[in-house]
Amino acid sequence: MKPTKKQNWTDATRAIHGGESKPGVSGPVAGPIVRSSTFTFSDTAEMKRWAEGRSSTYIYTRYGNPTLASAEAKLAALEHGEAALVTASGMAAISSALLAALETGDELIATRQLYGGTYRLMRDILPRLGIKVHFVESDLAGAEQLIGPKTKALYVETPTNPTLQLVDIEQAVRLARRHRLASIIDNTFASPILQKPLEMGFDMTVHSVTKALGGHSDLIGGAVVGSEKWVSRARTMVIYLGGCMDPEAAYLLSRGIKTVGLRVGRQCGTALEVARYLERHPKVARVHYPGLPSHPQHRLARRQMRGFGSMLAFDMKGGLAAARRFCDRVQVFLLAASLGGVESLVVLPIYTSHYKMSQAELRAAGVAPGTVRVSIGLEDARDLIADLKQALA
Ligand SMILES: Cc1ncc(COP(=O)(O)O)c(C=O)c1O
């Protein structure tokens with residue numbers, strides 16, 4: 001049998017071998033962590049070539065580093081992008097992607113249902129830079145009428161944090177293309193395993209790799225993936241604003257990515273079992289999980305996702321008091337922010353991702369005081385359901 005060509009590799013193979021150099025004889029199978037902050041030039045002629053943009057050699061880790069480059073190549077392979085950039089956090093990736101596409105005087109269309117940090121960045125910081133943000137609902141209704149000559153970018157997140165609403169990716173791409181907007185999508189909740197927005201026409205995906213891609217709750221990081229053109233613009237932002245990833249984190253990220261397919265696959269199965277259990281529970285008013293037929297966008301989820309993900313949320317009938325009681329009683333689930341790790345977590349969005357938001361903003365984001373967000377890890381589904389049962393009793 002002929003060996004498969006790299007471009008035909010499936011996700012599992014890309015996640016393991018993408019971005020890794022061929023070890024040769026006695027070579028290390030696990031890539032090295034190149035801790036060096038700086039790199040030598042052979043001579044001043046090489047230094048001059050670099051300054052003139054004629055050499056792509058490593059010079060300084062904020063500009064690039066072999067351990068970072070390996071993680072970047074792995075991410076680009078997995079998400080079917082030409083290039084990728086790793087950053088110090090998901091927020092560094094988001095701000096770098098936005099600043100790659102926008103400058104003072106420009107306008108941005110963004111869905112209102114976003115990770116709270118992204119929403120606050122757009123609400124509080126972008127206007128200070130002279131960038132006007134128009135928020136629209138996740139069905140993009142009315143977006144077309146808000147687009148004018150100054151509108152330069154479209155930003156969406158799907159599924160949304162924390163209430164798992166979906167944006168129709170094909171519809172968003174059509175809108176962006178019709179008006180020549182740079183399109184950016186936060187693909188953190190789905191991960192590249194379940195959703196490949198670049199293949200569907202988005203210009204850039206952004207990730208908090210702190211989540212499923214890292215997968216072990218032991219690193220903070222972000223990524224921008226897309227064409228060479230967009231990634232290089234985002235890289236310029238990282239170089240000047242300074243949000244580069246540390247090599248240690250890049251190594252942990254590459255290690256995490258090797259098992260992301262296995263982890264996410266198993267988490268999708270467990271999340272569906274947990275969602276079904278919660279939906280039947282008398283103390284639960286509503287479960288938000290795209291894999292349930294009761295989810296208003298279940299058909300869209302089937303169309304654009306390859307699985308329904310590890311995240312779900314539910315609203316307690318007894319509101320905030322009941323949600324707090326539940327969170328204070330769980331024993332297997334940990335009470336902690338973040339998501340996508342091997343440990344299952346629960347959190348109250350009004351006190352974490354969605355703090356500093358008005359009642360109207362919370363309502364628009366679909367977050368109720370009694371909303372609990374759940375990140376499913378790799379524990380046995382039976383243990384998780386038993387824990388839910390005792391905490392809800
Ligand atoms: C969907 C989403 N995007 C971006 C971020 C920000 O990522 P980070 O915390 O790595 O900066 C988060 C963090 O919770 C998130 O959930």
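These are my notebook entries on a predicted model, looked up element by element.

**Entry 1: ground rules.** I number residues from 1 along each chain as its sequence is written. Since the model is predicted, local features need pLDDT of at least 70 and side-chain atom pairs count only at pLDDT 80 or more, while totals for chains, interfaces and linings use all residues.

**Entry 2: the whole chain.** I looked up the secondary structure and found 15 helices and 12 strands in the protein chain; helices (H or I, at least four residues) and strands (E, at least two) are DSSP runs, numbered from the N terminus. The C-alpha trace spans about 75 × 55 × 40 Å along its principal axes. The radius of gyration, taken over C-alpha atoms, is compared with a globule rule of 2.2 Å times the number of residues to the power 0.38; for 393 residues a compact globule would come near 21 Å, and the chain agrees because its own value is 21 Å. I noted that 48% of the 393 residues count as buried, where buried requires 20 or more other C-beta atoms within 10 Å of the residue's own, exposed 12 or fewer, and partly exposed lies in between, with C-beta atoms placed from the backbone. Of the contacts with a separation of 6 or more, 74% come from residues 24 or more positions apart, a contact being two residues whose C-beta atoms, placed from the backbone, lie within 7 Å.

**Entry 3: the seven-stranded sheet.** I traced an open sheet with mixed pairing in the order β1-β7-β6-β5-β4-β2-β3; two strands pair if DSSP finds at least two bridges between them. Its edge strands are β1 (83-87) and β3 (132-136), each of which pairs on one side only. Direction ignored, neighbouring strands of this sheet are turned by 20° against each other on average. At one end, β1 and β7 (residues 222-226) pair in the antiparallel sense over five bridges, and Leu85 stands opposite Val224 in β7. Helix α3 packs on this sheet, touching β1, β6 and β7, and its direction makes about 130° with that of β1; axes are lines fitted to C-alpha atoms, for helices over the stretch in contact, and angles run from 0 to 180 degrees between N-to-C directions.

Further along the order I examined β4, which is mostly covered, five of its seven residues being buried. Strand β2 (residues 107-111) pairs with β4 in the parallel sense over four bridges, with Ala110 opposite Tyr155. β4 also pairs with β5 in the parallel sense, over five bridges, and here Ala153 stands opposite Ala182.

**Entry 4: Thr205.** Leaving out residues up to four places away in sequence, Thr205 touches Glu79, Ile185, Asn187, Pro197, Leu198, Val225 and Gly226.

**Entry 5: α3 against α10.** I found helix α3 (residues 66-79) packed with helix α10 (residues 247-257) at an angle of about 35°, their axes 8 Å apart. The contact is made by Thr67, Leu68, Ser70, Ala71, Lys74 and Leu78 of α3 and by Pro247, Ala250, Tyr251, Leu253, Ser254 and Ile257 of α10.

**Entry 6: helix α7.** Which residues of α7 (residues 169-178) are buried? I found Ile169, Ala172, Leu175 and Ala176; they lie on the same side of α7 because they cover an arc of only 125° around the axis, the arc being that of the directions from the helix axis to the C-beta atoms. On the other side of α7, Glu170 and Arg178 are exposed. What covers the buried residues includes α6 (143-146), β4 (151-157), β5 (182-186) and α12 (298-304). Just after α7, Arg180 takes a positive phi of about 50°.

**Entry 7: the five-stranded sheet.** I traced a further open sheet, again with mixed pairing, in the order β8-β9-β12-β11-β10. β8 (284-288) and β10 (334-335) stand at the edges with a single partner strand each, so one side of each is left without a neighbour in the sheet. Strands β9 (residues 311-316) and β12 (residues 371-375) run antiparallel and are joined by five bridges, with Leu312 opposite Val374. Helix α13 (residues 319-329) packs on this sheet, touching β9, β10, β11 (345-347) and β12, and its direction makes about 130° with that of β9. Helix α11 (residues 260-280) lies across β8, β9 and β12, running at about 155° to β8.
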